Amino acid sequence: MAFCALAVEKSYSHQVAVMRIELADLEEGRNEFAHEYAPGELVFDDSRVALMEAPSVSGAIQVSGKRLLVTGRVRASAQLECDRCLRPVPYPVDSRFQVKYVTPEEYEAQQAVELSEDDLESSIFDGESLLVDDLVAEELLLALPDHVLCGENCKGICAVCGGDKNAVECTCETQQIDPRWEELKRLVNGK
């Protein structure tokens, strides 16, 4: 097994390094890769997620004609917002992944016949290089939970004043009645 190097391509418009594996540089068969990102090197488009420590990725690429099988592991420490009170919640990420890639030509050839379930799970790449940043960002986001709470007993935020009910007892009147039902309330209460 060979250890492949990751190419760094500077993009000065965004001042971010792009991590890319060039397939021409790979030896036939299986190649390993690893990278520890510097702080701020990996950019997330999701505003609810902040990386507390730079992620690391390691894995292997298996080349078979116009197909790739990429297996690996992503580790990071993320910070999410509580869905009820918006407090920051630390969340460790340690996720294993397996992604299949095919070229656009290979994908179209598969569509000409009949796509199998395995083919539907394949991602498309340009056939020349693999963007590691995109893979890492996608795997990190997939590893994060859909629903996050700072604690099981989180009381959330007051809908009236916006205060954190976990920090202070809120005395706001939270039972607002839809004005369309006001007449019915008067009837029920005998007024």
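Helices here are DSSP runs of H or I at least four residues long, and strands are runs of E of at least two, numbered from the N terminus. With that settled, I can go through this structure, which is a predicted model.

The protein chain has four helices and nine strands. Read from the N terminus, the order is β-β-β-β-β-β-β-α-α-β-β-α-α. Of the 191 residues in the protein chain, 32% are buried. If we take contacts between residues at least 6 apart in sequence, 59% of them join residues at least 24 apart.

I'll start with the second largest pocket. Its volume is about 160 Å³. Which elements each supply at least two residues of its lining? They are strand S8, residues 122-124, strand S9, residues 129-131, and helix H3, residues 132-143. The lining includes Tyr 101, Phe 125, Asp 126, Asp 134 and Glu 138. By type, the lining residues divide into six nonpolar, two polar and three charged.

Tyr 101 takes us to the next topic, the largest nonpolar core. This core has 34 residues, and those touching the most other members are Val 57, Ile 61, Val 70, Tyr 101, Val 136 and Leu 140. Strands S3 (16-22), S5 (50-64), S6 (67-81) and S7 (88-102) each supply at least two residues of this core, and so does H3. S6 gives the most, with six residues.

Two residues show how the pieces meet. Val 136, leaving aside neighbours within four places in sequence, is in contact with Tyr 37, Leu 42, Val 57 and Val 74. Val 74 lies in strand S6. Is Val 74 buried or exposed? Its relative accessible area is 1%, and buried means under 20%, so Val 74 is buried.

Now the strand pairing. S6 and S7 run antiparallel and are joined by 15 bridges. In this pair, Leu 80 stands opposite Val 89 in S7. S6 and S7 form a hairpin with six residues between them. Leu 86 lies in the loop between these strands, and its phi is near 70 degrees, a positive value in a residue other than glycine. Most residues other than glycine have a negative phi.

S4 and S5 also pair in the antiparallel sense, over seven bridges. Asn 31 stands opposite Ile 61 in S5.

Last, a residue from a loop. Ala 159 is found between H3 and helix H4, which spans 182-188. Its relative accessible area is 78%, and the cut-off for exposed is over 50%, so Ala 159 is exposed. Ala 159 and Cys 172 are 13 residues apart in sequence and 8.8 Å apart in space, C-alpha to C-alpha.

Conventions: Residues are numbered from 1 along each chain as its sequence is written. This is a predicted model: local features need pLDDT of at least 70, side-chain atom pairs count only at pLDDT 80 or more; totals for chains, interfaces and linings use all residues. Side-chain values use heavy atoms; hydrogens and water are left out. On a 1 Å grid over the protein atoms alone, a cavity is a set of points where a 1.4 Å probe fits but cannot get out, and a pocket is an open set with protein on both sides within 12 Å along at least five of seven lines; lining residues have an atom within 4 Å of a point. Grid points are joined across faces, edges and corners, and a volume is the space filled by probe spheres set on the points. Ala, Val, Leu, Ile, Met, Phe, Trp, Tyr, Cys and Pro count as nonpolar, Asp, Glu, Lys and Arg as charged, and the others, Gly among them, as polar. A nonpolar core is a set of buried Ala, Val, Leu, Ile, Met, Phe, Trp, Tyr and Cys residues joined through side-chain atoms within 4.5 Å. Buried means under 20% relative accessible area, exposed over 50%, partly exposed in between (1.4 Å probe, protein chains only). Contact means heavy atoms within 4.5 Å. Two strands pair if DSSP finds at least two bridges between them.
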